[in-house]
Amino acid sequence: MVMSLPSGVMVRRARPGDAAPMLSLIHQLGYTPDAHGYDETFAQVVRHPEAAVFVAAEGPRVIGYLALSHRPQIRLGGRCASIDEMVVDQSRRGDGIGTALLEAAIEYSRGLGCRRVELHTRRSRESFQRGFYASHGFREVDSAVMRLEPLPPPTRKP
């Protein structure tokens, strides 16, 4: 799937060469991945059968990306997709790039027969504050995100 925006920005599936250009976007999200594991993790996600990564590219420059995972869920009686990561370069926000990435993810999820697309975001993020997701049909639900981080070491059996 390749979508073209009027400004010459293309939305396409990510490929291995996109790992390095996406790193600055990951930093804009507020994360600093471990340099040793980043490339391998990127390759695993891009190749994973239950994941899809879309990039918005302007020529060779990656200016946004969205990472999606999907899996069957018993309670839904079908597949659920989750938008795990999404960011547009701060200099290009408001240009319709986030909308194009979101539309690509929703269309992909529809093609998989997903019953739901969900995402988790911080209320303090600018995209949440300005109602970006709500303007695209997402609604906030009564939910809580719980984490066990970092994972404790395994317990040894005597």
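Start by selecting Arg 92 and Glu 58: their side chains meet in a salt bridge, 2.7 Å from N to O. (A salt bridge here is a side-chain nitrogen of Lys or Arg within 4 Å of a carboxyl oxygen of Asp or Glu.) Arg 92 sits in the loop between strand 5 and helix 3 and Glu 58 in strand 3, so this pair ties together parts that are 34 residues apart in sequence. Helices (H or I, at least four residues) and strands (E, at least two) are DSSP runs, numbered from the N terminus.

Before you click on, note that this is a predicted model, where local features need pLDDT of at least 70 and side-chain atom pairs count only at pLDDT 80 or more, while totals for chains, interfaces and linings use all residues. Residues are numbered from 1 along each chain as its sequence is written, and side-chain values use heavy atoms, with hydrogens and water left out.

Now colour the pair by accessibility. Arg 92 counts as buried at 13% relative accessibility, whereas Glu 58 counts as partly exposed at 27%.

Next, pick Arg 79 and Glu 50, another salt bridge, at 3.1 Å from N to O. Arg 79 is in strand 5 and Glu 50 in the loop between helix 2 and strand 3, so the pair ties together parts 29 residues apart in sequence.

Move on to helix 2, residues 35–47, and show its buried residues: Tyr 38, Phe 42, Ala 43 and Val 46. They cover an arc of only 120° around the axis, which puts them on the same side of helix 2; the arc is that of the directions from the helix axis to the C-beta atoms.

Last stop: the largest nonpolar core. (A nonpolar core is a set of buried Ala, Val, Leu, Ile, Met, Phe, Trp, Tyr and Cys residues joined through side-chain atoms within 4.5 Å.) Of its 23 residues, Phe 54, Leu 66, Leu 68, Leu 101 and Leu 102 touch the most other members. Helix 3 (97–112) gives the largest share, 7 residues. For a second, separate core of 15 residues, select Ala 14, Ala 19, Val 46 and Tyr 65, which are among its members.

Key:
Buried means under 20% relative accessible area, exposed over 50%, partly exposed in between (1.4 Å probe, protein chains only).
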